[in-house]
Amino acid sequence: MNLELPPRRINIIQGEFKVSNDPNVVITTILGSCVAACIRDPSAGVGGMNHFLLPGSTEALAAGGDATRYGVHLMELLINGLLKQGARKDRMEAKIFGGAKTIASFSNVGAQNAEFAVRFLRDEGISVVGSSTGGEHGRKLEFWPVSGRARQHALTGVETQRTVALETRPVAPAPKPAADTSVEFF
Amino acid sequence: MSIAEKIKVLIVDDQVTSRLLLSDALTQLGFKQITVAGDGEQGYKIMSQAPHHLVISDFNMPKMDGLGFLQAVRTNPATKKAAFIMLTAQGDRALVQKAAQLGANNVLAKPFTIEKMKAAIEAVFGSLK
């Protein structure tokens, strides 16, 4: 008799992140030009994934500013979520996925997003132990946050186009902070 | 000399990238005297030795978090008059209320825009020009 439970799948979309210390959880997402950072602390047995696409043109991304702050925010949310569950920054390791250069997007925003993630992790002293970025096809990604195992499947051309169309539709440029936090009390 | 140039600012954040971005934003706003620290403990040490006019601190940090740091700054007679802006990636009402009780001048949610940061600073110091 097989008593192994089926994995609990948690799907995230652009602008979201998820942290878990449940070995039975697998976090999934679908990436076109977007990038997902999968970070875990092997000693604490906790890991997580985010999924972001920095808004703006490649020029704007290169110049830093608000677009970069948005990406930093999503990385920070993931790292803070891991710290809350007992992770330590000096033990964290990361894998990076996504950032495809798709036909639909002539500019190479995907590469810029992947470069941003690599640069951020390097600056924060988090080692990158695996990555699969670029290419012309989107990815379906699965990440087991406790073991650190990651598995990806290449999307077909049609699936990639559909994913990129979803990624590039107009959305709010940044995750809305809780309304409460905008309270000013001078 | 502009007002911004006269203000000594201390940035406290455990993320290198966040410190760099904030430092860049403040430089764009005309600030020239910028010091950085990686956590509340280090920030408080700097404040005790050389009080700064303005502190911009993250909330979620190891060792001493933003609220602990704010409390320490407000308790020390040498530093208690500093303007204090708290930044938070995961804000909630309880945090904002606690920060207000402890004497923060403002709480800004990340990611902030340069305009928002400018408005928050000008609300304390007036025009930065």
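1. Two strands count as paired if DSSP finds at least two bridges between them; helices (H or I, at least four residues) and strands (E, at least two) are DSSP runs numbered from the N terminus. With that in hand, look at β3(B), where B:Ile56 is the bridge partner of B:Ile11. Strands β1 (residues 8-12) and β3 (residues 54-58) of chain B run parallel and are joined by four bridges.

2. A word on the basis: this is a predicted model, where local features need pLDDT of at least 70 and side-chain atom pairs pLDDT 80 or more, while totals for chains, interfaces and linings use all residues. Residues are numbered from 1 along each chain as written, chains are lettered from A and ligands numbered from 1 in written order, and side-chain values use heavy atoms, without hydrogens and water.

3. The sheet of chain B is open, with five strands in the order β2-β1-β3-β4-β5 and parallel pairing. Its edges are β2 (33-37) and β5, each pairing on one side only.

4. Now the interface: 31 residues of chain B and 25 residues of chain A take part in the contact (heavy atoms within 4.5 Å). α2(B) gives the most to chain B's side, with five residues.

5. Do have a look at the one salt bridge that the rule finds across this interface (a side-chain nitrogen of Lys or Arg within 4 Å of a carboxyl oxygen of Asp or Glu). B:Lys110 pairs with A:Glu76 there, and their closest N and O atoms are 2.8 Å apart.
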